[in-house]
Amino acid sequence: MGWYKKIWTPKSFVIVFLHFEGNKAVISSLKIGRKSDLSNLDDPQLFDSLEELVKFYGKSRPYHLHVLGTGVLSRKISNAPNFKEDLIISGNLEDFNFTTYNDGQSIVASFFRNEIIEEFLKSFIESKVHLVAISSGDTPFFSLLEEDEHISFDYTISKKKGNIDAFVRNESSSAR
C-alpha cells in the first residue's frame with residue numbers, strides 16, 4: 001500500500017449519497033478530510049443536482065458515490081465462488097454493481113442494477129470529476145467495525161471474533 005501513497009494521497013474527498021426513494025434520487029454529500037474525526041461529522045448537505053454539487057465542491061477533489069434505497073438489495077450468504085450468480089434472479093452479471101464483505105465463511109453483499117445510476121454517471125463524466133469508487137447499501141459498515149462490535153441502522157450489523165455475526169434487516173426500516 002505504500003506505493004499507492006507515493007502516487008496520490010488526497011487531503012480530502014467527497015462522498016456523494018444517492019438515496020433512491022422510488023424513482024426519485026435524493027442527492028446529499030459530505031466532504032471528508034484525511035484527518036477527519038469520523039465520530040463527529042456534520043450531517044450530509046442536500047443538493048438538487050450533481051451539477052450543483054460539483055459546482056459547490058469543485059472538480060479537483062476525488063468523489064466516491066454511495067447508492068442507497070429503492071433498488072439496492074442486501075444479503076448475507078455462504079462463501080462460494082459463484083455467489084454473485086446465485087444472488088441474481090434475472091439479468092446478466094455485468095448489469096449489476098456489487099459491494100461485498102467476505103470473512104472467509106460468509107459474504108455480505110449489497111448490489112443494484114447499473115441502470116439506476118446511468119444518468120448520474122453521465123453527469124460525473126460531463127463534469128470531468130474524478131470518481132474513485134462506487135459502493136452501495138450497508139455492507140461497507142463491516143469494514144469499519146472492530147472485531148467484536150455491532151451497530152444498528154437499516155440493518156443490525158455485528159462481528160464476533162472478526163467474523164460476520166449478524167446482518168438482519170430491522171423491522172422499522174422495512175415498514176418504510
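A contact, as the word is used here, is a pair of residues with heavy atoms within 4.5 Å. The exercises below concern a predicted model.

**Exercise 1. The chain as a whole**

Describe the chain by its secondary structure, its burial and the sequence separation of its contacts.

*Solution.* Begin with the secondary structure, which comes to six helices and 11 strands.

**Exercise 2. The packing of α2 and α4**

Determine how helix α2 and helix α4 are oriented towards each other, and which residues bring them into contact.

*Solution.* Two packed helices are described by the angle between their axes and by the distance between those axes. For α2, residues 50-57, and α4, residues 118-127, the axes come within 10 Å and cross at roughly 40 degrees. Angles under 35 degrees would count as roughly parallel, and those from 65 to 115 as roughly perpendicular, so α2 is oblique to α4. The crossing of the two helices is, moreover, right-handed.

For the contact itself, list the residues on each side: α2 contributes Leu-50, Glu-51 and Val-54, which meet Phe-120, Ser-123, Phe-124 and Ser-127 of α4.

**Exercise 3. An aromatic cluster**

Work out how Phe-47, Phe-56 and Tyr-57 are linked through their rings, and decide for Phe-47 whether the residue is buried or exposed.

*Solution.* The structure holds eight aromatic pairs. In one of them, the rings of Phe-47 and Phe-56 have centres 5.6 Å apart and planes at 55 degrees, so this pair is classed as tilted. The rings of Phe-47 and Tyr-57 have their centres 5.9 Å apart and their planes likewise at 55 degrees, and this pair is therefore tilted as well. Since Phe-47 lies in strand β3, residues 45-47, and Tyr-57 in helix α2, the second pair ties together parts that are 10 residues apart in sequence.

Now compare the relative accessibility of each residue with the cut-off, which for a buried residue is under 20%. Phe-47, at 7%, is therefore buried, and Tyr-57, with a relative accessible area of 10%, is buried too. Phe-56, by contrast, has a relative accessibility of 48% and so counts as partly exposed. Taken together, the ring pairs link Phe-47, Phe-56 and Tyr-57 into a cluster.

Technical notes: Residues numbered from 1 in each chain as written. Predicted model: local features only at pLDDT ≥ 70, side-chain atom pairs only at ≥ 80, totals over all residues. Heavy atoms only, no water. Axes fitted to C-alpha atoms, helices over the stretch in contact; angles between N-to-C directions. Helix = DSSP H or I, 4+ residues; strand = E, 2+ residues; numbered from the N terminus. Parallel < 35°, antiparallel > 145°, perpendicular 65-115°, else oblique. Left-handed = near helix turned anticlockwise from the far one by under 90°. Phe/Tyr/Trp six-rings, centres within 6.5 Å; stacked < 30°, edge-to-face > 60°. Buried < 20%, exposed > 50% of the residue type's maximum accessible area, 1.4 Å probe, protein only.
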